[in-house]
Amino acid sequence: MRKKNDKDMPQARGETGERVARIPETVPIGVELLGEPILNKGTAFTLAEREKYSLLGLLPPHIETLQEQTDRAYDALKAKDTDLERHIYLRALQDTNEVLFYNLVISHVAEMMPLIYTPVVGEACEQFSEIYRRPRGLFISYPHRHEIDKILDNAMVENVKAIVVTDGERILGLGDQGTGGMGIPIGKLALYTAAGGVDPSVTLPIILDVGTNNQERLDDPLYIGWRENRISGDAYFDFVDQFVQAVKRKWPQVLLQFEDFAQPHAEPLLAKYRDQLCTYNDDIQGTAAVAAGTLLAACKMLNKPLSAHHIAFLGAGSAGAGIAEQLIRIMMDEGLSETEARARIYMVDRYGLLHSDMDGLMAFQQRLTQDHASVASWSSAEDGSISLLDVVKNGMPSILIGVSGQHGLFTEEIIREMAKNAERPIIFPLSNPTSKAEAVPADILEWTDGKALIGTGSPFDPVTYKGESHHIAQSNNTYIFPGVGLGVLACEATRVTDNMFMASSQALAELSPALTDPTAALLPPVSDIRAVSRAVALAVAKQAVADKVAPARSEAELERCVDAAVWTPAYKTLT
């Protein structure tokens, strides 16, 4: 929508008091109004509105309700032949009529989430240049680095409260997609609203276009990004700093989420900026929180604390390390010393188990190494490397977590070994999209005689094994980040603390259906995502107050703040 000052965009409420689209004091008319996604009502404009805003003749005469529009849009969506076509249709609807888009998504949320985000968003990012139709958000390219303030001024919305930014280098498990990575901030913010209830008129997706090293993108005649190899080193970090400082000047209270930055950049950027503004990295902290919440649910179900488990990771990048560090904190809260907790974590990457004699490890990896003297005998390889199978056989972990981004690395031999270590092994192939999962649930259940507790990063249908249906928990960040965003904005937090993510994990674990039904999934169904986000938001807000990064409020006041912040897709009469 066009830029509006806050005073020009008073908060609107629907007939029942729900928070709805902001209405400007001066509403555009005619085709300009139809081009404003947050104001456009399409065939739902009343006759009085059509007369007042010069819409007569621009729309067919029948006046529809939002529900009638939603039903028609759903039928049109279902008529599409492929999921990518459905993604394109939904994006076009979002760019045309946001209220209708969100009402459609929320009405069929379990069906829509895979279409607007994982796994389909991966293909959409790969083909972003081919399917590009209409601008959304901001494209900040390196050649324009001296004009970032001006670019921010050009944003289509003035009162920005939440930004998701990426540089497109580590898109899901697909790697460098350059400007195509813009599909991720767009999708993430759509879930901020659909799953969390964050007002879409205060959100802004941003891509930092620093080039791409993906030769396929560079050779593509339709590629719409900056056609150069990625900048690196000091030039890269200086560019990101120019961006962050400009954001701080323009929107000092904004929530800035870093998304899909590569390992060498993700940790340093989070460390540098987390105390400068309200910011977090979802791949590190959100992934850790949802994995921890799902694991805590499994531990509660088994009546065995996390501190009683040994945990093996396949993938020792920023996501895996972020999960490991959060699990270490939980173990320490349960009574272990830091040394004892770290001894229960085995991090395996492409070169094998991380240990104290390895060279070239990054700082965050060095904190997660095993003492080489204690694990050297585990190796079955001539070069002395210690494979995941070696770790499973010798370390005997009862929890296995995959964040490798590589399909099929949880082999039958490894999973059967896991089943020897525990009566009910906990196995989480978390890499997404679906094509990157370390193993599929059907195989894991087959190889563990139906006993494994499973969490995946992408959605999988229930699996029937020996006549029993097993519901698969999608341990996806969507269970965390929309609630974190809602909670941060509702309580006016100025920082995002580690404790706030710990609180989100605990809140998620308490909602596990498996706590009352052993055959149920470890996480609530996606259809309950807005209720989950509310619970997470309240836990985050309470922790923000406890951590003194938000104004002091009682629990009852925080509940009112969270509920008041929830946006609902409903049309507001313009007359």
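**Close-up 1. Helices H3 and H5 are roughly perpendicular to each other.** In this predicted model, H3 spans residues 66-78 and H5 spans residues 98-107. The two helices pack at an angle of about 70°, which falls in the range of 65 to 115 degrees and therefore counts as roughly perpendicular. Their axes lie 9 Å apart. The crossing in which H3 passes H5 is right-handed.

**Close-up 2. Residues in the contact of H3 with H5.** On H3, the contact is made by Leu-66, Gln-67, Gln-69, Thr-70, Ala-73 and Tyr-74. H5 contributes Val-99, Leu-100, Asn-103, Leu-104 and Ser-107. Sorted by class, six of the residues in this contact are nonpolar and five are polar. No charged residues take part in the contact of H3 with H5.

Close-up 3. Gln-69 has a relative accessible area of 3%, which is under 20%, so Gln-69 is buried. Leaving aside residues up to four places away in sequence, Gln-69 touches Lys-41, Gly-42, Thr-43 and Ala-44, as well as Glu-64. Leu-100 and Tyr-571 are also touched by Gln-69. Leu-100 is one of the H5 residues in the contact with H3.

**Close-up 4. Buried residues of helix H25.** Helix H25 covers residues 555-565. Leu-558, Val-562 and Ala-565 are buried in this helix. Around the axis, these three residues cover an arc of only 70°, which puts them on the same side of H25. An α-helix has 3.6 residues a turn, so residues three or four places apart point the same way.

Note on methods. Residues are numbered from 1 along each chain as its sequence is written. This is a predicted model: local features need pLDDT of at least 70, side-chain atom pairs count only at pLDDT 80 or more; totals for chains, interfaces and linings use all residues. Side-chain values use heavy atoms; hydrogens and water are left out. Axes are lines fitted to C-alpha atoms, for helices over the stretch in contact, and angles run from 0 to 180 degrees between N-to-C directions. Helices (H or I, at least four residues) and strands (E, at least two) are DSSP runs, numbered from the N terminus. Angles under 35 degrees count as roughly parallel, over 145 as roughly antiparallel, 65 to 115 as roughly perpendicular and the rest as oblique. A crossing is left-handed if the near helix is turned anticlockwise from the far one by less than a right angle, and right-handed if clockwise. Contact means heavy atoms within 4.5 Å. Ala, Val, Leu, Ile, Met, Phe, Trp, Tyr, Cys and Pro count as nonpolar, Asp, Glu, Lys and Arg as charged, and the others, Gly among them, as polar. Buried means under 20% relative accessible area, exposed over 50%, partly exposed in between (1.4 Å probe, protein chains only). The arc is that of the directions from the helix axis to the C-beta atoms.
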